[in-house]
Amino acid sequence: MSDVKENQIFTRAQLQALIWPLFLEQFLSVSMGFVDTFMVSGVSEAAVSSVSLVDNINILITQVLSALATGGAVVTSQFLGHKDVSFAKRSVAQLFSILTVSTLLVMGAALLFTRPILRLVFGSIDDNVMDFAQTYFYITAISYPFIGLYNGGAAIFRAQGDSKISMKASLVMNVINIVGNAVLIYGCKLGVLGAAAATLAGRVLAAVWILLKTQRKENMLRIDGIRQLKPERDLMRRILGIGIPSGLENGMFQIGKLCVSSLVSTLGTAAIAANAVANSISGIANIPGNTMGLATIPVIGRCLGAGEKKQAKGYAYLLMGIAMGGLFVTNVLLFFFIPEISGWFHLSGEASALCIRVIRYFDVFSIFAWATSFTLPNVLRAGGDAKYTMLVSILSMWCFRVILSLFFVKSMGMGLLGVWMGMFIDWCVRSLCFGVRFFHGKWMEHKII
């Protein structure tokens, strides 16, 4: 950190004020999926399998929307670093215009073609799993516009170095979700329908809450009137110049995961349930890496907007170090406690054994390769290097995770572990490509503002 001691853009106190709420927000966000899986697991393995399968689609949509929000956050952060509040404010309005239109279109498509989409993605699955999946998908699709608005508001506050607002919104969302699950799943006996309704209610109220916060008079980036939402080609181009490559990256990445999920669905209900629980549990272990990934956008963006490349690189080393240290702690703990944790989900003996096995492999690979695969590319995106991260992620996903998973499962007979081994090799390739790019420094040469 010798590069950032003098005239530093972020003090230690400011970094702590940004990171800790982000950490809590990520914990709450991950726990939402964890609680859904845990509570639905009390209904049946078919129910938990359906929620897991549909959540793969929901994650695809959420990741694309998050990428668009990231584009807005990068542009806004760099304008703030350049001390150009007027353009920062205008970029916020353009971000909300983009998110509103795109989310309404996606929601409409999902509602009109619910069952065909599920059949296209997952093929032939058990009838009871399909019935549960259709119910869960239809209800949660209504929440897409609210997810978009929530992501937009959260990104804007983070760009200003204020992560408490989005953390509190996440708290609102999770409290409503947990209480709603308890009442609707167990009290009203609505099962999957209850889980979906609780998720929808939480997302709606969280979006409304964070939008009200964006419109406070003391928020320097508030939208003063609906006329500001009128499209501005240049600002939209800047936002989409990062948002579209990131969205394509996230979208193709999630489509690849959907292909892999389709492969898992051929392995039987026990494998689907084990994979669902393993994904929920592993998400908790990834919290430190996800937290630092979010923190890099405002920190690196502000530094580069101010022309401080040395500080940008210094903060990147610091945030990556924190991410890797945090991942070491969470994965070591998970490695030893996974037998007890998997027991909470009412899995069959076969599903529980599969879950424990893949999670322990996950822990080992995550310690060494997760941060460089998923936290480091956010550093590159904050510098506008979104096209490179897109190309690497898409090629690595399809060439290694998807193809190798098929090979390990179909030719090697490795079952569920083969799917996860394909993922681990994908991480290693990404880590190598992103690491080389970072050390060469080309990611800091892009002109965004």
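Me: Let's start at one residue: is Ser-411 buried or exposed?
Reply: First, keep in mind that this is a predicted model. Ser-411 lies in helix H14. Exposed needs a relative accessible area over 50%. Ser-411 has 53%, so it counts as exposed.

Me: How far apart in space are Ser-411 and Tyr-150?
Reply: In sequence, Ser-411 and Tyr-150 are separated by 261 residues. Going from C-alpha to C-alpha, the distance between them in space is 44 Å.

Me: Zooming out, how many helices and strands does the protein have?
Reply: You won't find any strands here, as their count is zero. The helices, on the other hand, come to 15.

Me: What is the radius of gyration, and what would a compact globule have?
Reply: The C-alpha atoms fill a box of roughly 60 × 45 × 35 Å along the principal axes. With 449 residues, a compact globule would come out near 22 Å. That agrees with the protein's own radius of gyration, which is 21 Å.

Me: What share of the contacts joins residues 24 or more positions apart?
Reply: Here we take the contacts with a separation of 6 or more. Among those, the share from residues 24 or more positions apart is 85%.

Me: What percentage of the residues is buried?
Reply: Buried means a relative accessible area under 20%. Of the 449 residues in the protein, the buried ones make up 57%.

Me: Which residues does Cys-355 contact, leaving aside its neighbours within four places in sequence?
Reply: Cys-355 is one of the residues with the most contacts inside the largest nonpolar core. Leaving those close sequence neighbours aside, its contacts are Ala-274, Val-277, Ala-278, Ile-281, Ser-342 and Leu-347.

Me: How many residues are in the second, separate core?
Reply: This second core includes Val-40, Met-107, Val-129 and Ile-147. Its residue count is 32.

Me: Is Asp-385 buried or exposed?
Reply: Asp-385 lies in the loop between H13 and helix H14. Not counting residues up to four places away in sequence, it touches Leu-380, Arg-437, Trp-443 and His-446. Its relative accessibility is 2%, so Asp-385 counts as buried.

Me: And Lys-189, is that one buried or exposed?
Reply: Lys-189 sits in the loop between helix H7 and helix H8. It has a positive phi of about 60° although it is not a glycine. With a relative accessible area of 67%, Lys-189 is exposed.

Me: Where is His-346 found?
Reply: His-346 has a positive phi too, near 55°. At 55% relative accessibility, it counts as exposed. Its place is the loop between helix H12 and H13.

Me: How far apart in space are Val-332 and Arg-360?
Reply: Val-332 is in helix H12, and its 28% relative accessibility makes it partly exposed. In sequence, Val-332 and Arg-360 are 28 residues apart. In space, C-alpha to C-alpha, they are separated by 9.3 Å.

Me: How far apart are the centres of the positive and negative side chains?
Reply: The protein has 36 positive side chains and 23 negative ones. The distance between the centres of the two sets is 7 Å.

Methods:
Residues are numbered from 1 along each chain as its sequence is written. This is a predicted model: local features need pLDDT of at least 70, side-chain atom pairs count only at pLDDT 80 or more; totals for chains, interfaces and linings use all residues. Side-chain values use heavy atoms; hydrogens and water are left out. A nonpolar core is a set of buried Ala, Val, Leu, Ile, Met, Phe, Trp, Tyr and Cys residues joined through side-chain atoms within 4.5 Å. Buried means under 20% relative accessible area, exposed over 50%, partly exposed in between (1.4 Å probe, protein chains only). Contact means heavy atoms within 4.5 Å. Helices (H or I, at least four residues) and strands (E, at least two) are DSSP runs, numbered from the N terminus. The radius of gyration is taken over C-alpha atoms; the globule rule is 2.2 Å times the number of residues to the power 0.38. Lys and Arg count as positive and Asp and Glu as negative; His and the chain ends are not counted. The place of a charge is taken as NZ of Lys, CZ of Arg, CG of Asp or CD of Glu.
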